[in-house]
Amino acid sequence: MRVYLTAARLSLRRHLAYRSSAAAGVATNTVFGFIRTFVLLALWRQKTVINGWDAADACTYSFLTQALIAPMGVFMTGTELGPRIRTGDVAVDLYRPVDFQSWWLALDAGRAVGSGMLRSLPPVLVGALFFPMALPLSPLRWAAFLLCCLVGYLVSFSLRYLISLVAFWTMDERGMAAITFAVGFFCSGMILPLTAMPPRLDSVLQLTPWAAVIQIPASVLFGTQSGGLAYALAFGLAWALLLLGAGRLLTGAARRKVVVQGG
Amino acid sequence: MTALPSQPLPDRAEPPTNPPTDPVILAEGLTKVFSSRARAGRLRRERVDFTAVDAIDLRVAPGELVGYIGPNGAGKSTTIKMLTGILTPSSGTLRVAGYDPQRDRVKLARRIGVVFGQRTTLWWDLPLRDSFTLLQRLYRIPPARFAENLAFYTEALDLGPFLDRPVRQLSLGQRMRGDITAALLHDPAVVYLDEPTIGLDVVSKHAVREFLRDLNLRTGTTILLTTHDVDDIERLCSRVVAIDHGRVTYDGSLEALRAERDLETVVRELYSRQGV
Ligand SMILES: Nc1ncnc2c1ncn2[C@@H]1O[C@H](COP(=O)(O)OP(=O)(O)OP(=O)(O)O)[C@@H](O)[C@H]1O
Ligand SMILES: [Mg+2]
């Protein structure tokens, strides 16, 4: 266990050192927060309340999800494993006496915490200066939200880990990542909150693993999640376990079948 | 084109007269076939098999320092990947330090150290010292032992001046010294070194050789070394295993191989012999 904690800590420290790229990321996230907010406000002008959310909720959702993009890996960019498979550096990771998947989880968790610390607050603060925000004050709500984020992160990691593993067979995970980016972008609620989609589409999209990444944490924070916190956690954990299990099976298959590149 | 051998090349050496102790590396009929798909016509793709390692038999006794040589593409790195458990053999049996590298990969990993000359086992963005800390956790090295080993290797390989620098800022020679330390901190029984002197200057090469020889004598660590530097073999290895096209072409003592001649000439002849 300690090895994973140390790996996560060192990965965190490493990502905290990337200040300038974090600053660029913050700027982009904030600017797109404005764009998405304007789009959502245009929609909310038609109807003052959509599925229990008013315009302030929509603005909050927009900037909150912008803040979560980096730590939660919403764009489904693979882990740092993909490039290592491509170059053959994964040879080194493969003979270490650790569980391969847990090892990459530890490294990626360090990254997530680091980018959360550097990149999550500014978009929300800037957004609050210009738009009405509806952030709850109840600490319980925030605790529930963070718990859902943790589970959502696990779902996101397990998806991204699977995407990275594809590189063992195709030698390049980027094609796969481009597809999952598009799917994830839509299904996680980045284009429109799932709750603002047509009801039938919403009820389907609420079942994909991407729903657990940002939509469900946001709904829990606003207190509008149907089924409440218990459902949110059960849903996310079920997907996380399923996907982590799939990652485990695929890792085993890769180990047996795979060829490590380079002399 | 190639000079004719002035003396017949020695073939496989006589088996040792006294039965050796249990080998620490034991390979029998070890084979690796890579299959890839190649174009065969406009749409058809055909499976093409390539045998990179072809039924190798290898026995290495504890404490041996073996030079594993052969021309480019002979199958040296592929063999080492199988010996570490990161590549599944296509056929043959393999045991290292009493373990089956495939089945007992994690247990074996704690008993072996690896240096891949062309790539680092260190973490690129971390200071060298942090890489070592991570290795301490990875291999569960007791703190006292870790401190002792780190102090020893820092002194022996002169790591002091760059211990706190990120690995990406190190020169090749500095990085290699870091990599060698990384492979040894957990006191492995077997160390594979795949071209550990690649790109090193004369002085660094000398230092690394002295260090490896001393390690082998002092701790009895078994070392399997691949290199394209004839001096490495000459200065370090008591036994040489040569392969070509995945097959063993020579396995015996250095003395018998060179038979009083210039080693470079002997090696050149060995590599240019076809179809053994
Ligand atoms: N992933 C792979 N797919 C197909 N063929 C491969 C693969 N990896 C290696 N080979 C082939 O296997 C053979 C042996 O390669 P290997 O890397 O073991 O050689 P080597 O003895 O280490 O050579 P060098 O001295 O150049 O490092 C080469 O012909 C190489 O082209
Ligand atoms: Mg090689």
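The structure holds 2 cavities of 30 Å³ or more. It is a predicted model. Its largest nonpolar core has 149 residues, and chain B carries an open sheet of 6 strands as well as an open sheet of 3 strands.

**Cavities**

- The largest cavity has a volume of about 50 Å³.
- Residues of chain A that line the largest cavity are A:L94, A:F100, A:F168, A:T251, A:A254, A:R255 and A:V258, and from chain B there are B:G85 and B:I86.
- The element that gives the most to this lining is α13(A), with 3 residues.

**Nonpolar cores**

- Within the largest nonpolar core, the residues with the most contacts are A:W103, B:I25, B:F132 and B:Y192.
- Helix α8 of chain A, residues 139–165, gives the most to this core, with 13 residues.
- There is also a second, separate core of 5 residues, and among them are A:L41, A:C59, A:F63 and A:F131.
- Neighbours within four places in sequence left aside, B:I25 is in contact with B:L58, B:R59, B:V60, B:L83, B:R95, B:V96, B:V190 and B:Y192.

**Helix α12 of chain A**

- Just after α12(A) comes A:G223, which takes a positive phi of about 75 degrees.

**The sheet of 6 strands in chain B**

- The strand order of this open sheet is β5-β6-β7-β3-β8-β9, and the pairing is mixed.
- At the edges stand β5 (112–116) and β9 (247–253) of chain B; each has a single partner strand, so one side of each is left without a neighbour in the sheet.
- On average, neighbouring strands of the sheet are turned by 15 degrees against each other, direction ignored.
- Strands β6 (residues 190–194) and β7 (residues 222–226) of chain B pair in the parallel sense over 5 bridges, and the bridge partner of B:V191 in β7(B) is B:I223.
- Helix α5 of chain B, residues 172–184, packs on the sheet and touches β5 and β6 of chain B, with its direction at about 165 degrees to that of β5(B).
- Helix α6 of chain B, residues 202–219, lies across β3 (65–69), β6 and β7 of chain B and runs at about 155 degrees to β7(B).

- β5(B) and β6(B) run parallel and are joined by 5 bridges; B:V114 has B:Y192 as its bridge partner in β6(B).

**The sheet of 3 strands in chain B**

- This open sheet has the order β2-β1-β4 with antiparallel pairing.
- Its edge strands are β2 (45–60) and β4 (91–96) of chain B, and each pairs on one side only.
- Neighbouring strands here are turned by 30 degrees against each other on average, direction ignored.
- Strand β1 of chain B, residues 25–39, pairs with β4(B) in the antiparallel sense over 5 bridges, and B:T31 has B:S91 as its bridge partner in β4(B).
- Helix α1 of chain B, residues 76–84, lies across β1, β2 and β4 of chain B, at about 115 degrees to β1(B).

**Residue B:L135**

- B:L135 lies in helix α3 of chain B, residues 128–138.
- Its relative accessibility is 0%; buried means under 20%, so B:L135 counts as buried.
- With neighbours within four places in sequence left aside, B:L135 is in contact with A:R96 of chain A and with B:W123, B:R140, B:I141, B:A182 and B:L185 of chain B.
- B:L135 and B:L184 are 49 residues apart along the chain, and their C-alpha atoms are separated by 10 Å.

Key. Residues are numbered from 1 along each chain as its sequence is written. Chains are lettered from A and ligands numbered from 1 in the order in which they are written. This is a predicted model: local features need pLDDT of at least 70, side-chain atom pairs count only at pLDDT 80 or more; totals for chains, interfaces and linings use all residues. Side-chain values use heavy atoms; hydrogens and water are left out. A nonpolar core is a set of buried Ala, Val, Leu, Ile, Met, Phe, Trp, Tyr and Cys residues joined through side-chain atoms within 4.5 Å. Buried means under 20% relative accessible area, exposed over 50%, partly exposed in between (1.4 Å probe, protein chains only). Helices (H or I, at least four residues) and strands (E, at least two) are DSSP runs, numbered from the N terminus. Contact means heavy atoms within 4.5 Å. Two strands pair if DSSP finds at least two bridges between them. Axes are lines fitted to C-alpha atoms, for helices over the stretch in contact, and angles run from 0 to 180 degrees between N-to-C directions. On a 1 Å grid over the protein atoms alone, a cavity is a set of points where a 1.4 Å probe fits but cannot get out, and a pocket is an open set with protein on both sides within 12 Å along at least five of seven lines; lining residues have an atom within 4 Å of a point. Grid points are joined across faces, edges and corners, and a volume is the space filled by probe spheres set on the points.
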